[in-house]
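Dear colleague,

Please find below the structure for your review. My notes on its contents follow.

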Amino acid sequence: MSRARATTAPSREANLAGIGLALMSAAAFGTLAILAKLGYDRGADPIPLLAGRFAVAGALLLAFHVAIRRPLVPSVGVVARLLLLGGFVYGGEATLFFVALTKAPAGIVSLIFFSYPLMTNVLGFATGLERPSARVIVALALGSAGILSIFSITGADRAGLLLALLAALAVAIYFLAAQVIMRGIHPTVSATWTSLGAAVVLGVASSVSRQSLPLEAMPSAATLGVATVIAFVALYAAIGKIGSSRASVAQMLEPVVTVLLGALILSERLTWRIGLGAALIVSSLPLLTATGHQEEIPPPPDSL
């Protein structure tokens, strides 16, 4: 993703609009786990539900590009790499996340998944893309403590928690791969092809596995796709107004929205351990943003 640069500070109106768009994006991202749970209640299995989500998102993004007349094919080689990245890397991460939702509450899964900025920085250290700093070390300590707090919840399904943690690791790997593959490509173009790649691969996987997406669950798949596109377009509109670092701070609202909606809609129980874990994970993110590393990577993959 190219960095958002500005020669002058945004106006007050642009600043407020950018913050509002970033918060809208985070709120839309926060609904995804809830919508998935509702799809499961209507008989959907994870893989076909994901395939439907990405098919709708890809179709809407195609329509968006046609409407604004933005070219969609930078080169055949780039398109092929984006399709593979979406189909196998991001599609695999999304599958881990959606399967985790079948085993653990949406709020808990979302909180653990939101540790992906920490993992991205750890992988950045290992690959030399990020230099260790005191702020990052403190952030990693806070985030790790938050994850441990959630893992210590009595009666929690450890398999679901582990799958959410693996999903966070997978998305960190996706970010580092995307940093190279998507360089110089407009984010919405990348999003379109990665969505379509995920739709194709997951569609084939659902056919092979014979998992089902009953008619009653079709609205859930469609709503997931719409929420994905709204979140994605709002996020990049926000980046255009206030920059990616400031926009990324607003993503801290995402797990909070999921936890609250889980309690209100799914009657998921809120405990002090969940609150402590949420506070520790969320408190670590401004420190990561302050390092500037998030300027180098695409925004949260729940954007797709």
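Phe97, Phe98, Phe113, Phe114 and Tyr116 form one aromatic cluster; rings of Phe, Tyr and Trp (its six-membered ring) are paired if their centres lie within 6.5 Å, with planes under 30 degrees apart counted as stacked, over 60 as edge-to-face and the rest as tilted. This is a predicted model, in which local features need pLDDT of at least 70 and side-chain atom pairs count only at pLDDT 80 or more, while totals for chains, interfaces and linings use all residues. Residues are numbered from 1 along each chain as its sequence is written, and side-chain values use heavy atoms, with hydrogens and water left out.

By the ring rule there are six aromatic pairs. The Phe113 and Tyr116 rings have centres 5.4 Å apart and planes at 50°, so this pair is tilted. Phe113 and Tyr116 are both buried (under 20% relative accessible area; exposed is over 50% and partly exposed in between, with a 1.4 Å probe and protein chains only).

Leaving aside residues up to four places away in sequence, the contacts of Leu49 include Tyr40, Phe98 and Leu213 (heavy atoms within 4.5 Å).

Helix 11 (residues 253-265) has among its buried residues Glu254 and Pro255, and Ser267, with a positive phi near 60°, follows this helix.

Kind regards

Key. Helices (H or I, at least four residues) and strands (E, at least two) are DSSP runs, numbered from the N terminus.
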